[in-house]
Amino acid sequence: MRRLVMLIVLSGFFMPSFSKQDTTYTKKTYTTKEVQIPPEIDGWLNDEAWDAVPWEGGFQMHEPYDDRTPTQETRFKVIFDRDYIYVGIRAFDTAPDSIVSRLTRRDEIDGDMVAFLFDSYHDLQTAFVFLISVAGSKADFYMSGDGSNEDPTWDAIWWANTRIDDKGWTAEIKVPFTQLRFDIS
């Protein structure tokens, strides 16, 4: 099985450092499962594949106020098959009519968004970063140097779709394992 560490950051451009000095956060684990029939990437999280794993949440705010409970709840699920990893995100919003949805060019993302990082080397120094806005605009880059260096020219092949509903919005993402690098050991 491939080993992944994932972090989801909400609403904004700030990406946290992987600094080992940042000890105020409780380390969490999430167990994912392999699925035989993958979900359709349509933005609705109603495919049977998503039933294979539980929702996870319980995030802590980092920006603008460190170590506080977020004002809106967000949950995620992660599943995989032989070739892809799938991320499902439910971003609750008590005022869905105020969600900011701006369609932009790739890598020029704006509006409400979610981001997730894959530290596939598990070195806490590098990550493959994926962002999706509520409008479906995508951004991705490679981060290294403990978060101090970003390579925005790295453009992965991946798919995503989003939906706004009366609870907030959802995102469904599909990333080929070929777009992530892994340590052979």
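**Group meeting: a first look at an all-strand model**

Let me start with contacts, meaning heavy atoms within 4.5 Å. Of the protein's contacts with a separation of 6 or more, 60% join residues 24 or more positions apart.

Now the ground rules. This is a predicted model, where local features need pLDDT of at least 70, side-chain atom pairs count only at pLDDT 80 or more, and totals for chains, interfaces and linings use all residues. Residues are numbered from 1 along each chain as its sequence is written, and side-chain values use heavy atoms, with hydrogens and water left out.

Next, the elements. The protein has 0 helices and 10 strands. Both are DSSP runs, numbered from the N terminus: helices are H or I with at least four residues, strands are E with at least two. So what is the order of elements from the N terminus on? It reads β-β-β-β-β-β-β-β-β-β.

Surface and burial come next. The accessible surface is about 10600 Å², and carbon and sulfur atoms hold 48% of it. That area comes from the Shrake-Rupley method with a 1.4 Å probe; for residues, only the protein chains shown count as cover. Of the 185 residues, 41% are buried. Buried means under 20% relative accessible area, exposed over 50%, and partly exposed in between, with a 1.4 Å probe and protein chains only.

Five strands form an open sheet in the order 2-3-4-10-9, and the pairing is mixed. Strand 2 (33-34) and strand 9 (159-165) are its edges, each pairing on one side only. Two strands pair if DSSP finds at least two bridges between them. Strand 3 (residues 74-80) and strand 4 (residues 84-92) run antiparallel, with 7 bridges. Phenylalanine 76 has its bridge partner in strand 4, namely isoleucine 89.

Let's stay with strand 9. Threonine 162 sits there. Is threonine 162 buried or exposed? Threonine 162 counts as buried because its relative accessible area is 10%, below the 20% limit. What does threonine 162 touch, beyond residues up to four places away in sequence? Its contacts include Gly43, Ile132, Val134 and Trp169. A polar atom of the threonine 162 side chain lies 2.6 Å from the backbone oxygen of valine 134. Glutamate 172 is 10 residues from threonine 162 in sequence, and the C-alpha to C-alpha distance is 6.4 Å.

Last stop: aspartate 165, also in strand 9. Aspartate 165 is buried too, because its relative accessibility is 18%. Leaving out residues up to four places away in sequence, aspartate 165 touches Arg90 and Pro96. Its side chain makes a polar contact with the side chain of arginine 90, at 2.6 Å. A polar contact is a pair of N or O atoms within 3.5 Å; within protein, one must be able to donate a hydrogen and the other to accept it, and residues adjacent in sequence count only if both atoms are side-chain atoms.
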